[in-house]
Amino acid sequence: MSETNQHKFIPCSRAEMTERGWDELDVLFITGDAYIDHPAFGTSLLARLLEDEGLRVGILAQPDWRDPEAFKIMGRPRLFAAISAGAMDSMVNHYTASKKVRNDDAYTPGGQSGARPNRAVIAYTAAVKGAFKGLPTVIGGIEASLRRLAHYDYWDNKVRRSVLVDSKADLLLFGMAESALTTLARRLLAGELIDTITDLRGTAYIAKDGPDGAVELPSYEEVNGSTDAYNKAFKLAAEEKNPFSGKALLQLHGARLVVVNPPAMPLDEEQLDRIYALPFSKQPHPSYREAIPAYAQIKFSITSHRGCCGGCAFCAITHHQGKTIQSRSEQSVRDELDRLSRHPEFRGTVTDVGGPTANMYGMRCSNPQAQAACRRESCLYPQICKHLDTRDDRAVDLLRKLRKHPAVKHLFVASGIRFDLLNRQPDYFADLIKHHVGGLLKVAPESSSPKVTKVMRKPGPQVFEKFLQKFREQSQKLGKKQSIIPYFISSHPGCTLNDMIDVALFLKEHNLRVEQVQEFTPTPGSLATCIYHTGRDPFSGEVVHVPLNANERRQQKALLLCHLPVNRKDVLAALRQCGREELIGRLTSNQDRGTDKAVKPVRQKARRPRRK
Ligand code: SF4
């Protein structure tokens, strides 16, 4: 490594350890992603944090899991190995919603696929155990976190055991792991044995018994054998998610008991500021010769906060980061912008300032007592909670100050926004539309069918319509050519073919075009995945339609993209199947009809009233 790069990166090789004068690591991180020294990546963030605690840490990025020697290049670490699949679940990373193998990977140099194994947490843990007998193994990141209990796995189409059982790891860290990991490292350093560390929030382990007062869930065998038991386990676990009052959970897997401690407490402003002040170089490790696609997306972005109180049923972020909004101080964000402006490639454009939901910066629950007792999945759905402080003054101030930075020419907000906060945050939305859109604003209504948005826990179509109208009016007033790019999900639980026809009509009526369809993928641990597997809402017990059939899934997707001629056949088939042939003209009017043989005389069926 060159002089200038020294200590700009966490060591990834024996030579880099030697440059620091180390002959041994304390903690070895293993990740399924390439190493980019940026706080957007959990492994980099945690490695920098432990380095700041005075520990000697190294990162093994995308090691060859088939070769035990690949895990030994930096030697056996003194304390433990910290293992993560990377920023995504490895199965989501590898397969499309229709279970086809993806041929790219945004987190790998050159965008190449194949650099990480399927079920990476299990494969890496087995490799570490093979390389270093008896070394404590700690698993974390989104894959381990959302698979901590018995869970439905879409790719196997079955209920799998907790990843703790399958990986045989010593400890699992779930959610955001800063507190648990630093405390664990300090205690192991002080000589405690990993088997005896059972009291850390945000951790799970296998034991003979659990703490007093823990809630026992239906066992793996029960949830595997009965969808009612699965729903019951999901509901019970959801009720204990509140870090201020949640209890520990127990789930038997045969004779083994998985114990899940209560979640970690949210970080306060000072703790968050400390993390984001760590000396990230914000660059990929210099050993990489090819560009890493994910890096381009986050290179000049700033995370202002974490957590999301929206509670969308399909979202993994809420389940992983939690419902409490944790915001950095304005000074901390401004300091990061100062550092970013000195990046050799910075040309004045900040691509994003936000978090899981951009306009939640500075929001909080205003009633600590209510917050401690709260069991709501969402602070926004079905109505905005009276205790939610939705004021936008902090977010507005932050954006105003950042865009006045002398090095900034453009400052965009590319993170998602919750448009149901429009009326409560008029200044934020006015500034967003005036200064931070960059031509296209990505908004995710996800559906326009009230029946489907109810299952999704999203605001209904009228709220989106109001937002759209305001966006267009204000953009016009400002003389700006700006458009909305709407994001919709196809085949989400609750969405029938008829619902999707209504969505296609909604898009036409509002002159909107979907560029990319997100086909629903039942990712581990989410409410929507639970409904997908059981066919019922675990909270209300209502039966929910689940689009399972490949034809229906393809037709739903085609309806969202009905402006593309390639989808004509599927759109026609869907309209015929639902007896709504009278809509053929409306939904295919912009298509190049060509010589599509699928256009046949239609048999008249009973007219179905349009739902809205
Ligand atoms: S009390 Fe209301 S605002 Fe507070 S956490 Fe619960 S839902 Fe959110």
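**Exercise 1. In what order do the strands of the open sheet lie, and is the pairing parallel or antiparallel?**

The model is predicted: local features need pLDDT of at least 70, side-chain atom pairs count only at pLDDT 80 or more, and totals for chains, interfaces and linings use all residues. Residues are numbered from 1 along each chain as its sequence is written, and side-chain values use heavy atoms, without hydrogens and water.

Step 1. Strands (E, at least two residues) and helices (H or I, at least four) are DSSP runs, numbered from the N terminus. Two strands pair if DSSP finds at least two bridges between them.

Step 2. Read the order. The three strands run β20-β21-β22, with parallel pairing.

Step 3. Check each pair. Five bridges join β20 to β21. Leu 441 has Ile 484 in β21 as its bridge partner. Two bridges link β21 (residues 483–490) with β22. Here Ser 490 stands opposite Glu 519 in β22.

Step 4. Find the edges. β20 (440–446) and β22 (518–519) each have a single partner strand, so one side of each lacks a neighbour in the sheet.

**Exercise 2. Describe how α19 and α21 meet.**

Step 1. Take the axes, lines fitted to C-alpha atoms over the stretch in contact, with angles from 0 to 180 degrees between N-to-C directions. Helix α19 (residues 497–509) and helix α21 (residues 550–560) have axes that come within 8 Å and cross at roughly 10 degrees.

Step 2. Classify. Angles under 35 degrees count as roughly parallel, over 145 as roughly antiparallel, 65 to 115 as roughly perpendicular and the rest as oblique. The crossing makes α19 roughly parallel to α21.

Step 3. List contacts (heavy atoms within 4.5 Å). From α19, the residues include Met 500, Ile 501 and Leu 507; from α21, they include Glu 552, Gln 555 and Leu 559.

**Exercise 3. Characterise the pair Phe 419 and Phe 467.**

Step 1. Rings of Phe, Tyr and Trp (its six-membered ring) pair if their centres lie within 6.5 Å; planes under 30 degrees apart are stacked, over 60 edge-to-face, the rest tilted.

Step 2. The centres of Phe 419 and Phe 467 are 5.7 Å apart, with 25 degrees between the planes: stacked.

Step 3. Phe 419 lies in the loop between β19 (410–411) and α16 (426–435), and Phe 467 in helix α18 (residues 461–477), so the pair ties together parts 48 residues apart in sequence. Both Phe 419 and Phe 467 are buried.

How values were computed: Buried < 20%, exposed > 50% of the residue type's maximum accessible area, 1.4 Å probe, protein only.
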